[in-house]
Amino acid sequence: MLRSLVGSEMCIRDSINAEYGERRQHTHLKQGMDLTGMVKKALGYDPKDTSLDVYRDTPVRYMGYCNEVGEAFRPLVPVSFVYATYAGSMAYVCADSYDKAQKAREASTDPELASTCAQVAAADCFVWQTLASVAIPGWTIHKVVDLTKAAVLKGAMPKTVVTAAPTVVGLGMIPLIIHPIDYAVEVGMDNTIRPFYKKYLGSSCEECSDPAKPAGSEKP
């Protein structure tokens, strides 16, 4: 009789834990959708429109280029302004990564892999965006500005040119470097860390990682 009571207690506990886990996952998904929905609503889009990727298909995407603009203006503004633009870009990266994690979780047909899919999607998006949208282009524009400044100083240019040229050249380089850097990062990740996803997740890899894979051609 005692064994029966213990067994019943364990079954009830497992049932409660499973129900709690499902409710917690549902709440987590709802919070993620609310975040994206709030951004869509603030921009005047339908929060229920699941076909719209607010972080890729709207002006929000340009938040990823804040730090490049900051680096172009580095000779003219306080360094704190430049750091603030990096904070803006990283906020965008984190928001997009969170959004792609929720989409991967929803897309997973295997409940046991849902959390893993979300983690992989978030990590893939975060790494890609950090490299392609923040780190590499930021460093590139920084160097372009430095080289331009050195060139105009060496050429004994007028003060107005010395002051404005590095920023003008830096801003002009931004649209020229975006797609080559995107392509390079895409190829680099396809041949380095992304094969590990497939090895780790097996046949479910494509299903989980596709929502997070930011193709460079999609960037405006």
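**Exercise 1.** Determine which residues Glu-68 contacts, leaving aside its neighbours within four places in sequence, and whether Glu-68 is buried or exposed.

*Solution.* The model is predicted, so local features need pLDDT of at least 70 and side-chain atom pairs count only at pLDDT 80 or more, while totals for chains, interfaces and linings use all residues. Residues are numbered from 1 along each chain as its sequence is written, and side-chain values use heavy atoms, without hydrogens and water. Begin by placing Glu-68 in helix 2 (residues 66-72), where a helix is a DSSP run of H or I with at least four residues, numbered from the N terminus. Next, list its contacts (heavy atoms within 4.5 Å): they are Ser-133, Pro-137, Gly-138, Ile-141 and Ile-174. Finally, Glu-68 has a relative accessible area of 2% and is therefore buried (under 20%, with exposed over 50%, by a 1.4 Å probe and protein chains only).

**Exercise 2.** Work out how helix 3 and helix 4 are oriented to each other.

*Solution.* Helix 3 (residues 79-107) and helix 4 (residues 114-154) pack at about 155 degrees, with axes 7 Å apart; the axes are lines fitted to C-alpha atoms over the stretch in contact, and angles run from 0 to 180 degrees between N-to-C directions. The two helices are therefore roughly antiparallel, a term for angles over 145 degrees. Among the residues that meet are Tyr-86 and Tyr-92 of helix 3, and Phe-126 and Val-134 of helix 4.

Key. Parallel < 35°, antiparallel > 145°, perpendicular 65-115°, else oblique.
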